[in-house]
Every structure is written in structure tokens, then in C-alpha cells.
Amino acid sequence: MGIEIFKKHLREKRAVKIIAGINNYDLDKVAKVCRAAQKGHASAVDVAADKKVYEIARKNTKLPVFVSSIHPFELLKAVQWGADAIEIGNFDALYKDGKSFTAQEIYDIVLETMSLINKYDVFTCVTVPGNVDIVQQIGLAKKLELLGIDLIQTEGLKKVINSSNPSVQLISYAQATIANALELTQHVSLPIMAASGITAKTAPLAFATGANAIGVGSAVNKLDSEVAMTATVMSIVGSISHRNSINREIARTPRELVRG
């Protein structure tokens with residue numbers, strides 16, 4: 001089945017990718033995230049470009065496995081291991097280490113990666129960095145579309161907000177992600193995945209922008225227990241299913257009844 005299930009969910013605009021973390025090498029935690037993703041009916045998992053991490057993911061889920069890195073040769077290795085997809089991105093975890101990326105730097109990484117993997121048929125996703133302005137994001141997305149990239153992932157830009165309520169910063173983060181997704185869906189025809197600060201409450205908003213998928217990281221991978229992780233994934237997937245059910249019901253309702 002491989003990546004095909006994720007592609008199907010993309011077309012249906014309900015894909016959910018659970019992100020273990022680009023720098024998460026805790027094998028036990030990765031295993032829990034992968035099992036929770038499968039039990040919660042997600043569409044795919046995303047792990048770091050490390051062979052042991054990849055092998056743990058394979059052992060603990062039948063879902064498609066994305067491998068994330070910003071290093072082209074690591075991504076080539078992931079393709080050779082048999083990864084279902086590669087992700088140039090998931091930068092969120094790197095920003096706290098003081099790393100940031102320009103649109104040109106990402107484009108150069110993509111070009112080098114594409115030259116290395118051109119003989120392989122592998123699904124390729126690229127994150128458009130949220131720390132550059134939206135004009136540059138749109139420009140990069142258009143260039144990526146011309147390269148034949150399969151999927152673009154958006155992110156927000158985390159800012160420090162003076163609030164005793166941790167939900168305030170998370171919602172602000174998600175708003176930036178969703179706003180970026182909205183802009184990009186209007187300028188490129190590629191599928192778009194929103195992936196920063198996404199929770200069960202914000203997931204329906206992401207899909208309302210026209211996004212095809214969401215990427216969920218810290219809402220799941222920061223939890224300690226597999227039970228809690230699974231419940232969170234199920235809640236997120238359920239929020240999307242509920243939204244889709246409402247939309248289908250509206251579509252079946254006679255127009256005169258909708259108008260009242």
C-alpha cells in the first residue's frame with residue numbers, strides 16, 4: 001500500500017501526518033509515536049534521517065514513512081533504505097537551536113537533493129520556511145512546483161507572547177501556519193500541508209483554507225504516554241471526519257432548506 005494511502009487522503013483533503021521530530025532519536029519515543037499514529041488512524045508518520053530510527057518506525061507502523069532532513073545525502077540514504085517519502089524540512093525543531101533558512105537556501109538544498117535522487121521514484125515534500133515573508137514563500141513555492149515537487153508543507157513563525165496561558169502562543173502559531181497555507185493554495189496547484197501548532201481545534205481551520213493535509217508534531221510527540229498520544233491522534237482525525245460529515249450533509253441538503 002505504501003505512499004498510495006497518503007496520496008488518496010491528499011486527494012480527499014483529509015491527510016494527517018504525525019511527526020516524531022527531525023531531531024528525535026529517542027527510539028522508544030519514536031516507536032510510541034508511530035504506534036499511536038496507526039492506532040489513531042493517521043495517514044503517515046514522519047521521522048528523523050537515522051537508520052535505527054527509520055527501522056524502529058517500520059517495525060511499529062504499517063503507515064507510509066516520511067524521512068525528514070535538511071541534508072541531501074541523508075535523504076538519498078533514506079530513499080535507499082526504502083522510505084515511502086522524503087521531507088526537506090520540518091524546520092520548527094531547528095529554530096530553537098538558532099538555525100534559520102532563507103528561501104534560496106531551501107531551493108539550493110532541494111536542487112541538490114533532486115539531483116541525487118533523480119533515478120528513484122520517491123514522493124517528495126518540501127517545507128516552505130515560515131521565517132521568510134509571504135512574498136518569498138510564494139516565490140519559492142512556484143519554483144518548487146516547476147521542479148515537480150509532490151507536496152508543499154507550510155509552517156508558522158513562533159514568537160514569544162507574554163501570556164500565562166500556553167494555548168495563546170499555540171493558537172497564534174497555528175494562525176500563522178494557516179494564513180501561509182491559505183496564501184499558497186491561491187498561488188500554486190500543488191497539494192498543501194499545514195504543519196505548525198496544529199491541534200484538534202485548529203485542524204478543521206487548516207483544511208478550510210483549501211489545504212490537503214496537516215502535519216502534527218508537538219501536540220503528539222511531546223506527550224509521555226502512548227495512550228495519550230493515541231487519544232490525541234484520534235481526536236485530530238475525528239475533528240476532520242466530523243467536518244467532512246457536516247460538509248457532505250450540507251451538500252445533500254436542498255438549497256431552499258439551506259436558505260431557510
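Cys 34 counts as buried at 0% relative accessibility, and Cys 125 likewise counts as buried at 0% relative accessibility. Here buried means under 20% relative accessible area, exposed means over 50%, and partly exposed lies in between (1.4 Å probe, protein chains only). With a disulfide taken as a pair of cysteine sulfur atoms within 2.5 Å, the count comes to zero disulfides.

## Basis of the model

The model is predicted: local features need pLDDT of at least 70, and side-chain atom pairs count only at pLDDT 80 or more, while totals for chains, interfaces and linings use all residues. Residues are numbered from 1 along each chain as its sequence is written, and side-chain values use heavy atoms, with hydrogens and water left out.

The predictor's confidence in each residue, pLDDT, runs from 0 to 100. For the protein chain the mean pLDDT is 87, and 83% of the residues reach 70 or more. Over residues 245-260 pLDDT stays under 50, and for this stretch the model has one contact beyond four places in sequence. A contact means heavy atoms within 4.5 Å.

## Overall composition

The protein chain contains 12 helices and eight strands. These elements are DSSP runs numbered from the N terminus, helices being H or I runs of at least four residues and strands being E runs of at least two. Of the 260 residues in the protein chain, 50% are buried. Among contacts between residues at least 6 apart in sequence, 67% join residues at least 24 apart.

Strand E6 (residues 151-154) is covered on both faces. Leu 151 and Gln 153 are buried on one side, and Ile 152 and Thr 154 are buried on the other.

Two strands are said to pair if DSSP finds at least two bridges between them. Strand E5 (residues 123-127) pairs with E6 in the parallel sense over three bridges, and Thr 127 stands opposite Gln 153 in E6. From E5 the chain passes through helix H7 (residues 134-147) to E6 in a right-handed β-α-β crossover. Right-handed means that, with the strands pointing away from the viewer, the path from the first strand over the helix to the second runs clockwise.

E6 also pairs with strand E7 (residues 192-194), in the parallel sense and over three bridges. In this pairing Thr 154 stands opposite Ala 194 in E7.

## Salt bridges

A salt bridge is a side-chain nitrogen of Lys or Arg within 4 Å of a carboxyl oxygen of Asp or Glu. The structure holds nine of them, including those listed below.

| Lys 17 | Glu 87 | 3.1 Å |

The side chains of Lys 17 and Glu 87 meet in a salt bridge. Because Lys 17 lies in strand E1 (residues 15-19) and Glu 87 in strand E4 (residues 85-88), the pair ties together parts that are 70 residues apart in sequence. Lys 17 counts as buried at 0% relative accessibility, and Glu 87 is also buried, with a relative accessible area of 0%.

Glu 226 is buried, with a relative accessible area of 15%, whereas Arg 35 is partly exposed at 27%.

Lys 39 is partly exposed, with a relative accessible area of 47%. Elsewhere, salt bridges that share partners join Lys 8, Glu 12 and Arg 14 into one network.

## Residues with positive phi

Lys 13 is not a glycine, yet has a positive phi of about 55 degrees. Lys 13 is found in the loop between helix H1 (4-11) and E1, and counts as partly exposed at 36% relative accessibility.

His 41, again not a glycine, has a positive phi of about 70 degrees. His 41 is found in the loop between H2 and strand E2 (44-48), and counts as exposed at 57% relative accessibility.
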